[in-house]
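Hi,

Here is the structure I promised to hand over. My notes on what turned up in it follow below.

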Amino acid sequence: MKIHEKYLLRCLQIAENGLGSAAPNPMVGAVITYKDQIIGEGFTSPFGGAHAEVRAIDSVTDKSLLKKATLYVTLEPCCHFGKTPPCTDKILSAGIPKIVVGLKDPHEKVGGKGIAILRNAGCEVETGILKRRCEEHHRRFLTFHTKKRPFIILKWAQSIDGFMAPDPSKRKTSPGPYWISSPISRQLAHKWRSEEAGILVGTQTALQDNPRLDTRLWKGSSPVRILIDKGLRVPDHFHIFGPGGKTMVFCDKKNVPKAPGNVLYREVLEDKPLIPQLLRALWQADVQSLIVEGGALTLAEFIGSGNWDEARIITSPRALKQGLKAPSIATEPTANYKSGPDTVRILRNDSEYNL
């Protein structure tokens, strides 16, 4: 393994610590080396805090070594003022002479400017090291800024015979959520929720399951709750409107009801396709990633429009024999693993940032 690849792999490893907390900033990892020894490391703080490069520099005990050190970073250092000052300023003030960058930042405020600033100041900058691995790691951030929409994950649980919900008659005797997956897989699903910015359901799922859409089974922040409810049929006392987080409702009503401060209504036009309107609004609201949890009609709209990046399908060994058929995607899985008694398959849509 080449030396640059070795340390960028370490950058990618520690960068994962920012998953679910760094957004809408990218979850960057940074490593500083001197004479083939790591002397500093850092990853992106929760949004509003220090960036990876700053934390790595600050972690170095002997600052005199920085003037002979190499900085490795998964994404081009920022060069503009946001919640914090530019990382390029911090790098130059520390006197680091060499920087190895995984890939350029597509953000309109960066876009190669950070690299140019460093080079113009006399730094040696190498780019494109482990580029594809870095693209995979930063796929949420890259999708958001290049496609002007969130990174979209479809998730559902299904029985071994391909049903995602029981026959409607069962709802009469057993209303509320009907669990197909195991408790271990439900905890896994809450972990997934903690890693994304938004979570979406449609009207029928909200009415039938009254879901909380939170991360109560896992440590981490709950995503923004997003509801497609064109006719505003979901009662305002349901969990999805509760005080535990923010909720966005997409409806076709111009005169929406008076809502509490944590609920925002957005109108969608009936004469235009729903999904592009929804994704544009989420992009404008800075929702960088989205996990879609059903039901069948909502999932079918995303699949049919081609607006999805990843699908996570949990298959239980149980058979339902009848009920609501689960969606089908004619794509070979990129991963397949066990979750307790269940099987998890990961599918990827053909995309520039899906390897």
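**Sheets, helices and spaces**

Ala 311 stands opposite Leu 347 in strand E16. E16 (residues 342–348) pairs with strand E13 (residues 310–315) in the antiparallel sense over 6 bridges; two strands count as paired if DSSP finds at least two bridges between them. Helices (H or I, at least four residues) and strands (E, at least two) are DSSP runs, numbered from the N terminus.

Before going further, please keep in mind that this is a predicted model, where local features need pLDDT of at least 70 and side-chain atom pairs count only at pLDDT 80 or more, while totals for chains, interfaces and linings use all residues. Residues are numbered from 1 along each chain as its sequence is written, and side-chain values use heavy atoms, with hydrogens and water left out.

E13 and E16 belong to an open sheet of 9 strands with mixed pairing, in the order E11-E10-E9-E8-E12-E6-E13-E16-E15. Its edge strands, E11 (263–267) and E15 (335–339), each pair on one side only. From one strand to the next, the twist averages 20°; angles run from 0 to 180 degrees between N-to-C directions, and axes are lines fitted to C-alpha atoms, for helices over the stretch in contact.

H8 lies across E6, E8, E12, E13, E15 and E16, at about 125° to E15. H10 lies across E6, E8, E9, E10, E11 and E12, and runs at about 150° to E10.

How do H10 and H11 cross? Their axes come within 10 Å, at roughly 90°, so the two helices are roughly perpendicular to each other (65 to 115 degrees in this scheme; under 35 is roughly parallel, over 145 roughly antiparallel and the rest oblique). Leu 274, Ile 275, Leu 278 and Leu 279 of H10 make the contact with Glu 301, Phe 302 and Ser 305 of H11.

There is also an open sheet of 5 strands, ordered E2-E1-E3-E4-E5 with mixed pairing. E2 (37–43) and E5 (124–127) stand at the edges with a single partner strand each, so one side of each has no neighbour in the sheet. E4 (residues 98–103) pairs with E5 in the parallel sense over 4 bridges, and Lys 98 stands opposite Glu 124 in E5. Helix H2 (residues 52–59) lies across E1, E2 and E3, at about 140° to E2.

On a 1 Å grid over the protein atoms alone, a cavity is a set of points where a 1.4 Å probe fits but cannot get out, and a pocket is an open set with protein on both sides within 12 Å along at least five of seven lines; lining residues have an atom within 4 Å of a point. Grid points are joined across faces, edges and corners, and a volume is the space filled by probe spheres set on the points.

The largest pocket holds about 1,100 Å³. It is lined by 44 residues, and Thr 205, Asp 209, Glu 293, Gly 294 and Gly 295 are the closest to its centre.

The largest cavity has a volume of about 130 Å³. Ala 23 is among the residues nearest its centre, and a cis peptide bond joins Ala 23 to Pro 24, with omega about 10°.

Best wishes

Conventions: Contact means heavy atoms within 4.5 Å.
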